[in-house]
Amino acid sequence: MSLIQESIEARKVVLHQIKTELIQRLHIQKTESQIDDDTALFGNGLKLDSVDATEILVLLDKLYGIQVSESDDPSFMRTVNNLASFVIKNRKPQ
């Protein structure tokens with residue numbers, strides 16, 4: 001498997017984990033297949049609120065060992081895809 005294919009597969013795994021965790025933790029009434037990778041987390045997308053944002057920060061810490069700091073660009077919270085990119089960039093090696 002090439003490095004590009006490995007990266008694609010790793011991204012698919014992260015996207016699946018994020019969607020599954022969002023559905024379970026935030027009690028979203030959708031299935032994983034109903035959430036597009038570019039679905040906005042707030043606003044017209046999944047319609048999350050500030051309490052949900054806090055839960056996402058907890059999710060990042062518990063699932064990936066990522067602790068978000070004030071210096072991090074908050075745009076990682078825009079879409080599921082942005083969140084996956086943030087996880088891939090910042091997660092601790094296993």
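This is a predicted model: local features need pLDDT of at least 70, side-chain atom pairs count only at pLDDT 80 or more; totals for chains, interfaces and linings use all residues.
Me: Let's start with α2. How many residues does helix α2 have, and how far does it reach?

Reply: Helix α2 covers residues 50-64, which makes 15 residues, and from its first C-alpha to its last it reaches 21 Å, close to the 21 Å expected at 1.5 Å a residue.

Me: Which residues of α2 are buried?

Reply: The buried residues of α2 are D52, A53, I56, L59, L60 and Y64. They cover an arc of only 105 degrees around the axis, and therefore sit on the same side of α2. As a general point, an α-helix has 3.6 residues a turn, so residues three or four places apart point the same way.

Me: And what is exposed on the other side of α2?

Reply: On that other side, S50, V51 and K62 are exposed.

Me: What do the buried residues of α2 pack against?

Reply: They pack against α1, which runs over 3-26, and against α3, which runs over 80-90.

Me: How about the ends of α2: what caps the N-terminal end?

Reply: D49 does, with a side-chain oxygen that lies 3.1 Å from the backbone nitrogen of V51. Just after α2, G65 takes a positive phi of about 70 degrees.

Me: Moving to α1, what span should its 24 residues have?

Reply: At 1.5 Å a residue the 24 residues of α1 should span 34 Å, and the end C-alpha atoms of α1 are 34 Å apart, which agrees. The buried residues of α1 are V14, L15, I18, K19, E21, L22, I23 and L26, and the buried residues of this helix pack against α2 and α3.

Me: E21 is in that list. How buried is E21, as relative accessible area?

Reply: E21, in helix α1, has a relative accessible area of 17%, so it counts as buried, the cut-off being under 20%. Leaving aside neighbours within four places in sequence, E21 is in contact with L26, L59 and L63.

Me: And V14, buried or exposed?

Reply: V14, also placed in helix α1, counts as buried because its relative accessibility is 0%. Again leaving aside neighbours within four places in sequence, V14 is in contact with Y64, A84, V87, I88 and R91. V14 and P74, by contrast, are 60 residues apart in sequence and 19 Å apart in space, C-alpha to C-alpha.

Me: Now the core. How many residues has the largest nonpolar core, and which have the most contacts inside it?

Reply: The largest nonpolar core has 24 residues, and those with the most contacts inside it are I18, L22, L41, I56, L60 and Y64. The elements that give two or more residues to this core are α1, α2 and α3, and its largest share, six residues, comes from α1.

Me: Which residues is Y64 in contact with, neighbours within four places left aside?

Reply: Y64 is in contact with V14, Q17, I18, L59, V87, R91 and K92.

Me: Switching to backbone angles: what about H27, which is not a glycine?

Reply: H27 has a positive phi of about 55 degrees, follows α1 and is found in the loop between α1 and α2. At 61% relative accessibility, H27 counts as exposed. For context, most residues other than glycine have a negative phi.

Me: What is the phi of K47, and where is K47 placed?

Reply: K47, likewise not a glycine, has a positive phi of about 60 degrees, and its place is in the loop between α1 and α2. With 61% relative accessibility, K47 counts as exposed.

Conventions:
Residues are numbered from 1 along each chain as its sequence is written. Side-chain values use heavy atoms; hydrogens and water are left out. Helices (H or I, at least four residues) and strands (E, at least two) are DSSP runs, numbered from the N terminus. The expected span of a helix is 1.5 Å times one less than its number of residues. Buried means under 20% relative accessible area, exposed over 50%, partly exposed in between (1.4 Å probe, protein chains only). The arc is that of the directions from the helix axis to the C-beta atoms. Contact means heavy atoms within 4.5 Å. A polar contact is a pair of N or O atoms within 3.5 Å; within protein, one must be able to donate a hydrogen and the other to accept it, and residues adjacent in sequence count only if both atoms are side-chain atoms. A nonpolar core is a set of buried Ala, Val, Leu, Ile, Met, Phe, Trp, Tyr and Cys residues joined through side-chain atoms within 4.5 Å.
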